Amino acid sequence: GKARHFKWEVEYMHWSPDGEEGVVMGINGQFPGPTIRARAGDTIHVELTNRLHTEGVVIHWHGIRQIGTPWADGTASISQCAINPGETFLYRFKVDKAGTYFYHGHYGMQRSAGLYGSLIVDVAEGEKEIFQYDGEFNILLSDWWHKGSHEQEVDLSSNPMRWIGEPQTLLINGRGQFNCSLAAHVSNSSASPCKLRGNEQYAPHILRVHPNKTYRLRIASTTALASLNLAIGILALKGSPTPPPTHHRRIFLLNTQNFIDGHTKWAINNASLVLPATPHLGSIKYGLNAAFNRKKPSRSVQARLRRDEARGKSELHDGSGVYMLRFNTTVDVILQNANALRANVSEIHPWHLHGHDFWVLGYGEGKFTEKEEAKFNLKNPPLRNTAVIFPFGWTALRFVADNPGVWAFHCHIEPHLHMGMGVVFAEGVRRLGRIPNEALGCGLTGKMLMNNLHN
Ligand code: C2O
Ligand code: CU
């Protein structure tokens with residue numbers, strides 16, 4: 001493969017994604033950020049400089065497994081220290097599988113601030129696409145709020161919590177029109193964002209096609225909240241890898257909503273994810289035990305959770321949400337949805353796993369019971385990195401813990417993650433070679449580096 005080099009600067013800028021001017025997080029003056037295009041087997045080098053004046057930044061490459069480079073996964077507090085203002089971090093990683101991917105900020109609410117873009121990986125040099133087509137279009141879907149992401153963070157963390165509400169506009173390739181359906185009825189002013197000359201920043205992208213030609217649409221959604229439905233048959237593509245027939249370990253993850261000191265939180269097995277000052281990758285690799293709470297929920301807690309009426313009423317325990325997985329074992333995860341704080345309400349959650357693909361073995365309504373296992377699809381389950389749990393339902397996933405590193409597994413709704421809806425998986429960390437210092441320069445690993453320097 002080739003090496004592909006990019007130099008990026010992240011900065012705030014004025015922009016009008018939907019006809020109302022606001023502030024977005026841009027990359028090299030662009031919103032959405034530049035599209036990365038590569039071939040399977042290539043190595044991407046992104047030299048990322050933080051030009052935000054007062055906050056850190058990281059970028060996650062959604063769907064890229066980061067085999068052998070867990071420090072390039074771009075999760076603040078998990079895989080690396082946030083890049084400080086003025087600093088540069090080198091993301092260097094291999095794209096091993098063709099497909100349509102995207103990247104996005106993974107610190108605070110930077111995805112809803114507009115930090116995202118597309119990442120397209122073509123088949124390896126000399127290989128053929130499975131389908132033939134004459135042209136292709138890239139469609140990146142996102143959601144946009146007129147309120148800034150910092151104010152949203154404050155809203156979500158307030159007591160009582162203020163929900164951020166539906167986005168003002170849905171964007172296609174960073175463009176949309178605010179309130180057009182309304183404006184069409186009431187407005188006859190020429191300033192209406194719905195009357196377009198075509199050269200506006202927010203004017204829709206026009207896809208130019210020729211008759212009788214076949215086009216490929218590459219559709220990705222980087223929405224922070226909105227769940228956009230696009231239905232396609234999901235049985236696996238013929239020839240996709242099939243899952244191992246059995247599992248070594250089953251992890252049951254109960255999703256509930258709870259109050260902690262009056263603050264609304266999401267919790268997994270009663271632990272609401274709090275990100276530590278020292279990224280897990282470094283603290284686990286170097287045995288810095290004080291970096292986070294390693295206590296596992298006791299067997300009795302686990303048993304109680306299983307029996308729990310799933311009302312989210314049980315007290316929160318002080319686990320850290322970190323699960324240590326034995327290297328190379330097959331892990332089943334049963335995501336169990338439950339009632340949220342409001343009576344008779346259960347929400348939909350798209351769960352995303354970093355560092356791996358997983359097989360979706362099955363899903364169903366109500367509480368998962370052992371009986372369901374007989375119905376698992378082990379023959380041709382879809383291989384994905386994100387799967388939904390439906391209201392009051394469960395979803396069963398299987399993956400092989402074969403990628404040394406520390407990996408986030410979380411609800412991809414950004415405000416839900418912000419409120420604690422995630423866990424962390426760690427596997428084979430001791431097998432890793434040297435972690436680049438620039439990923440370690442904070443918290444206890446930062447201190448460790450300083451001490452090494454002085455000795
Ligand atoms: Cu696309 Cu952890 O996220
Ligand atoms: Cu969620």
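1. Let's start with pairing: two strands pair if DSSP finds at least two bridges between them. Helices (H or I, at least four residues) and strands (E, at least two) are themselves DSSP runs, numbered from the N terminus. With that in hand, have a look at Trp-351, which stands opposite Cys-411 in E21. Three bridges join strand E16 (residues 349-353) to E21, and the two run antiparallel.

2. Some housekeeping before going on. This is a predicted model, in which local features need pLDDT of at least 70 and side-chain atom pairs count only at pLDDT 80 or more, while totals for chains, interfaces and linings use all residues. Residues are numbered from 1 along each chain as its sequence is written, and chains are lettered from A and ligands numbered from 1 in the order in which they are written.

3. Now the whole chain. Its secondary structure comes to six helices and 22 strands. The radius of gyration (taken over C-alpha atoms) is 22 Å, close to the 23 Å that the globule rule gives for 455 residues, so the chain is as compact as a globular protein of that length. That rule is 2.2 Å times the number of residues to the power 0.38. Along the principal axes, the C-alpha trace spans about 65 × 60 × 50 Å.

4. How much of the chain is buried? Buried residues make up 42% of the 455. Here a residue is buried if 20 or more other C-beta atoms lie within 10 Å of its own, exposed if 12 or fewer, and partly exposed in between, with C-beta atoms placed from the backbone. As for contacts, two residues are in contact if their C-beta atoms, placed from the backbone, lie within 7 Å. Among contacts with a separation of 6 or more, 77% come from residues 24 or more positions apart.

5. Back to the sheet that holds E16 and E21. Five strands form this open sheet, in the order E14-E22-E21-E16-E19, and the pairing is mixed. Its edge strands are E14 (322-325) and E19 (386-389), each of which pairs on one side only. On average, neighbouring strands here are turned by 20 degrees against each other, direction ignored; the axes behind that angle are lines fitted to C-alpha atoms, for helices over the stretch in contact, and angles run from 0 to 180 degrees between N-to-C directions.

6. Leaving out residues up to four places away in sequence, Thr-386 touches Pro-350, Trp-351, His-352 and His-412. Gly-135 is another matter: its C-alpha atom and that of Thr-386 are separated by 27 Å, and the two residues are 251 apart along the chain.

7. Next, the domains. Domain 1 covers 1-230 and domain 2 covers 249-439, with bounds that come from an automatic or database domain assignment. Their C-alpha centres lie 25 Å apart. Across the boundary, 28 residues of domain 1 are in contact with 30 residues of domain 2. Helix H1 (residues 149-157) gives the most to the domain 1 side, with three residues. By class, that side has 14 nonpolar, 10 polar and four charged residues. In this scheme Ala, Val, Leu, Ile, Met, Phe, Trp, Tyr, Cys and Pro count as nonpolar, Asp, Glu, Lys and Arg as charged, and the others, Gly among them, as polar.

8. Finally, some backbone spots to check. Most residues other than glycine have a negative phi, and most peptide bonds are trans. The bond from Phe-31 to Pro-32 is cis, with omega near -15 degrees, and Pro-32 lies in the loop between E2 (22-27) and E3 (36-39). The bond from Asn-159 to Pro-160 is cis too, with omega near -5 degrees; Pro-160 lies in the loop between H1 and E10 (169-172).

9. Asp-261 has a positive phi of about 45 degrees. It is exposed, with 6 other C-beta atoms within 10 Å. Asn-270 also has a positive phi, near 70 degrees, but Asn-270 counts as buried, with 20 C-beta neighbours inside 10 Å.
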